[in-house]
Amino acid sequence: MLALFVYLLFGLALSFRLLPSYRGTVRCWLGLAFGQALLMWLPCLFAFFLGFTRPAVTGALLLAAAGTLALAAEWLIRNRARLSSLRPCMPELSRSDAVGLLVSALLTLFCAYLLHTHVLMPGEDGGLWVGQSTFGDLGMHLGFTESLYRQGFFPPEYSIYPGQRVNYPFLVNAASASLRFFGLSLRLAVIVPSVVMLFTVFWGVWLLADKLTGGKLGPTLMSWLLFFLNGGFGFVFFFGKYRFSEIFTGFYTTPTNLVGEDIRWVNVICDMLIPQRTTMAGWCMVVPAIFLLIAAVEKTLADGTGRREFLVLAVLAGAMPMIHTHSFLALGILSAAWFFCALPRAKKSGRVRELVLGYVLYGAVCLVLALPQLLGWTMGSVRTGNLLQLHLGWVVGANGAMENWLLFFIMNIGVVFLGILPALLGLAGEKRALLLGAQAILVLANLVAFQPNLYDNNKLLYIWFLVSDILVCDFLWSILETAPSRALRSALAAVLVFLGTFSGGLSLLREAVSGYRLLSAEQVDAAEFIIDETAPDSVFLTSTAHTNPVSVLTGRNIVCGSSLYLYFHGVDYQAREALLPELYAGGPAFEDGARDLGIDYVYVGESERAAYDVDMGYFRANYPAVYEDGGITIFQIGG
C-alpha cells in the first residue's frame, strides 16, 4: 500500500509542476493517472537490467520517492512567499467538481464490492470464487502477475506457453506483480490498484464531460450516467421472449449481453472495466490523453501556447502500447481525425503553423517511446497473420438475429446512437468538429478487424462512444433547456436517462449477485504445495483448462494453456496442444516430449482425466508421486 501511495504522490507532484495553469481538481486527477503510469512502467525499466526482482522494484520505488521529494523541495523554494504569509493553496471545488467527486466515489465503492466478490474470494467450501464477468479472463491476468513475481524473467514469456514472448499488454499485471514484493497477497495486489484505477477513470470521464459541456452540471451528469450505466434497448427482449428472472440466474443472459439476439454492446463496468484489467488501465491513460489533446488544440488555436500540453500528451501516449494497445490505437485515430477537423479553424485563426508544429512534436516524441514497444511486442502477433484483417460490419448479425446494420446499432447502443446525426447537424464549431472526428473510429472499427476476435473491436468503439456520448448529451440538453418548465425538462431528461441506463443497470445488478467457483479447495491445496516445493521456473504438464491452478495461482510454466487466450493473442499454439494427448498416454512419446519441452512435473486432476486418456499405471511405474491428495496427483520427472 505504501509503495502505491509513493507512486501516486510522484504523479501528483509531476502534474502540479508540469500543468500549473489547470485548476486543482484537474491536476489532482491527472496526477493520479501519471502516478499509475509510473507504477506500471518504472519497475519494468529497472527490470530490463535487473530482471523483475526485488532489487528492480525497490530501485524503481526509491526513484519515485526521490522524484517526489525533489519536486516537493523545488515547490517549497518557489513558494516561500506564499508559505511565509500562511496563504493556503487548496484546490478550488466548483459545484460540478463536488458532484463529480461524489458520484465517482459512490461508483468506486460499488466496484470495490464487485472486485471483492469477483477476485479470488475465499468461499465457505475452501475454494476461490469469482463473478460472472471474471470467470473467463481473471485466470490469465493472475497467471501473468504471479509468473512475473515468482520467476522474475523479463521481458516476460507466456507461462502458459513457455518460450514465447508475451505480446499482450501486460503492464497492469506488472504493476500488481511489483506490489507483491511489498507484502500484498495476489488477491489484494489485483484489487487495490484496480480500485484506484477505477476511481481515476470515473472521475476522469466526469472532468472530460465537464470540459466539453462548458461546466454545465446537467449534461455532464447525463453523459456520465449514460456512459457507465450504458445499455441499449436489449431490455425489450425481457418483456416476452425472456423472463426478467433469467437476468439474475443465467450465465450471460442480460440486456447488454444477449448473444443469441445479437445484443453485444456490453456494459462497460460489467464486461470491460472489472474483468479486463488492460482495458481498465488503458482507460486510466486514454481519458487524460483525450483531455490533453483537446486542450492542446484549443490553446494552440487560441494563442499558440499548446506546446506544453502536446509534450505531456506525447509522453503519456508513448507509454500506452503495452498498457493497452487498443486505447493507443483509438487515441491515434482520434488525433489524426481531429487534426484535419481543426485545420479549417487553424486557417481562420492563422495558426496552421503552430498546429502542425504541435502535432509534429506530439507525433515524434510519441513514436520514439512507442515504436520499441510495438516492434518488440505487438508486431510479433501481427506477423502471425491473425491480426489486421478486412471485415465489414463489426459483429453485426453474427448470430443471424439482427443483420440490418442500422437496427443493430440502434438496439445495441440506444439513445446515444440515435442522437449522433441530430447532434452533428445541431452542434457548431469545435464541438461539431470533435464529434465528427470521433466517427472515424466508428468507420474503421466497422471496416477492419484489429485482432482475431471480431468482438474485441469494441475496445475501440467504446472510445468513440465516450466522446459521442458527451457531445450528444450536450446537444440533447440544449434542446431540453427550451422546455417551457423545469419540471418538464427534468421529466424528459429522466426518460432519456432511463432508456439509456435501464439495460445497463439490470446488468450491474446481475453482476453484483453472481458467483462462480473458479478453483476448488483441493486445487488450492495443490497450488500451495507447488509454490512451497517446486522451483519457480518448473514446467508442468497439465490440461489446457483456463481454470488450471498451476497457471492461475503458482506462477509456474505449463506446456500449453487455453486457446481462449493463446489464439486471440496471435500465438501459434496448435502443434503443442496436439501433443498433450500423446504425452498423457505415457510411453516413449512422453519421454521424448518431456525431454524436448523440459517437463519437470506431470499434474493429474479432474480436468486432465476428463480431457485425456491418462495412463496412471505408466506414470506410477516410472516416476514418483510427490503429491497425492483430493483426487490430484503430481508426478516428478527427473531428479
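The structure is a predicted model, in which local features need pLDDT of at least 70 and side-chain atom pairs count only at pLDDT 80 or more, while totals for chains, interfaces and linings use all residues. Residues are numbered from 1 along each chain as its sequence is written, and side-chain values use heavy atoms, leaving out hydrogens and water.

We begin at the surface. Helix α2 covers residues 24-50 and contains F49; helices (H or I, at least four residues) and strands (E, at least two) are DSSP runs numbered from the N terminus. F49 counts as exposed because its relative accessibility is 74%, where exposed means over 50%, buried under 20% and partly exposed in between (1.4 Å probe, protein chains only). Together with L45, F48 and L50, F49 forms a nonpolar patch on the surface, with about 450 Å² of accessible area in total. Accessible areas come from the Shrake-Rupley method with a 1.4 Å probe, and for residues only the protein chains shown count as cover.

Helix α8 (residues 186-212) is mostly covered, with 24 of its 27 residues buried. G214, which has a positive phi near 75°, follows α8.

Finally, five strands make an open sheet of mixed pairing, ordered β7-β6-β8-β10-β9. At its edges, β7 (557-558) and β9 (625-629) each pair on one side only; two strands pair if DSSP finds at least two bridges between them. Strands β8 (residues 601-604) and β10 (residues 632-636) are antiparallel partners over four bridges, and Y601 has Q636 of β10 as its bridge partner.

Notes
Patch = residues over 30% accessible without salt bridge, like charges linked within 9 Å, V, L, I, M, F, W, Y side chains within 5 Å. Salt bridge = Lys/Arg side-chain N within 4 Å of Asp/Glu carboxyl O.
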